[in-house]
Number of protein chains: 2
Amino acid sequence: MSHLSIIGTGNMGQAIASVAGKGGHTVQMLGENDNDTAVTGDIVVLAVPYPALKDVIGQRRESLAGKIVVDITNPLNFETFDSMVVPADTSAAAEIATALPQSRVLKAFNTTFAGTLAAGSVGTLPTTVLIAGDDADAKSALISVVTSGGLEAVDAGSLKRARELEALGFLQLTLAAGEKVSWTGGFGLVA
Amino acid sequence: MSHLSIIGTGNMGQAIASVAGKGGHTVQMLGENDNDTAVTGDIVVLAVPYPALKDVIGQRRESLAGKIVVDITNPLNFETFDSMVVPADTSAAAEIATALPQSRVLKAFNTTFAGTLAAGSVGTLPTTVLIAGDDADAKSALISVVTSGGLEAVDAGSLKRARELEALGFLQLTLAAGEKVSWTGGFGLVA
């Protein structure tokens, strides 16, 4: 069993906590008034919007050393829904990995809406969490959390693939914002 | 009804011809020995690999003026399966639009494997063709071809979104090459 700390109590943080709970894992939830509370999880999920990452990392850099850190953000311009706010040749996850060289950074959960994490399905398909990262053990640990919680998980490759996962998350958000898909739909993966 | 010219007789060209045929549209297929045959379609699908686009465009630039030109390529490095061969802030489709300023360029079919186009389904989901482009009438014409052929079609936004469609196509190809999904699977879209 794993012990997770989830920083951020919004709908994504709650949905990820629900998945972990279903799998029998323990979860520490940390909200915006918990800045002085130490993270206790071996897996720390940064379930905050991209613009809030800088402060969270600044406050918690030392305590995140040695831990698995999961970035779930979609770093897009939410005013225009027409561009990303990270340079085109990188990703939010790569930025975090640079800022936290002593942590094992994974990209995950950014291609699944909160509703599909909570429901466990996208239409008739099981919800699949795509996970990218450079540390195989870290990926295995997160894959275990996800699959024990009743979802599918796929190793999407190295952390370099976070760029494509963020593009997919961006595209899916534009489709939902444009009412082409619902917030309980989106992309499902067929093996 | 539309009349399509499909340049390229590989599995993607054949699958797209099959979809158009099911919808009652007429198709001119042009292979590599047909360089001297004029394109007759109002919709011209460039169903050739990315490296072949330059020659096709060079040979046919004038005859493509005024037409709807559909780019289906996934411009990735097929030796490494680890990067794209177009700059990160652009797309193959944007390059084609620059090279063919008198054509109405669409991105489509790059996120659907040939097998899912031919079958009409991805697992239990209908196959959805994502289409990006800046000309609404051109998108409507291609959407009609796709839906009359029994598939779903979604307007994925402006041609700028081709970057995200190409990232999705790239990701999907890496998943298939890594045996995470089959060539008859991949991403399906749930409305």
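**Figure 1. Strand β8 of chain A and its neighbours in the predicted model.** A:Val129 stands opposite A:Ala153, a residue of β9(A). The strands β8(A) and β9(A) (residues 152-155) pair in the parallel sense over four bridges; two strands are said to pair if DSSP finds at least two bridges between them. Strands (E, at least two residues) and helices (H or I, at least four residues) are DSSP runs, numbered from the N terminus. Strand β5 of chain A (residues 104-107) is joined to β8(A) by two bridges, and these strands run antiparallel. There, A:Lys107 stands opposite A:Ala132 of β8(A). This is a predicted model, in which local features need pLDDT of at least 70 and side-chain atom pairs count only at pLDDT 80 or more, whereas totals for chains, interfaces and linings use all residues. Residues are numbered from 1 along each chain as its sequence is written, chains are lettered from A and ligands numbered from 1 in the order in which they are written, and side-chain values use heavy atoms, with hydrogens and water left out.

**Figure 2. The two faces of strand β8 of chain A.** Six of the six residues of β8(A) (residues 128-133) are buried, and the strand is mostly covered. Buried means under 20% relative accessible area, exposed over 50%, and partly exposed in between (1.4 Å probe, protein chains only). In a regular strand the side chains alternate between the two faces of the sheet. A:Thr128, A:Leu130 and A:Ala132 point one way from β8(A), while A:Val129, A:Ile131 and A:Gly133 point the other way.

**Figure 3. Helix α1 of chain A and its surroundings.** Helix α1(A) (residues 11-22) has 12 residues and reaches 16 Å from its first C-alpha to its last, close to the 16 Å expected at 1.5 Å a residue. The expected span is 1.5 Å times one less than the number of residues in the helix. An α-helix has 3.6 residues a turn, so residues three or four places apart point the same way. The buried residues of α1(A) are A:Met12, A:Gly13, A:Ala15, A:Ile16, A:Ala17, A:Val19 and A:Ala20. They pack against β1 (3-7), β2 (26-30), β3 (43-46), α4 (114-119) and α5 (136-148) of chain A, where contact means heavy atoms within 4.5 Å. Just after the helix, A:Gly24 takes a positive phi of about 85°.

**Figure 4. The contact between chain B and chain A.** Each side is represented in the contact, with 36 residues from chain B and 36 residues from chain A. The two chains bury about 2,900 Å² between them, 65% of it on carbon and sulfur atoms; buried area is the accessible area (1.4 Å probe) that two parts lose on being put together, summed over both. Four salt bridges are counted between the chains, each being a side-chain nitrogen of Lys or Arg within 4 Å of a carboxyl oxygen of Asp or Glu. In one salt bridge, the side chains of B:Arg161 and A:Asp82 meet at 2.8 Å, N to O. On the side of chain B that touches chain A, the elements giving two or more residues are β9 (152-155), α6 (162-177) and β10 of chain B. Of these, α6(B) gives the most, with nine residues.

**Figure 5. Strand β10 of chain A beside strand β10 of chain B.** β10(A) (residues 186-190) and β10(B) pair in the antiparallel sense over five bridges. Within this pairing, A:Phe187 stands opposite B:Leu189 of β10(B). Five of the five residues of β10(B) (residues 186-190) are buried, so this strand is largely enclosed by the rest of the structure.
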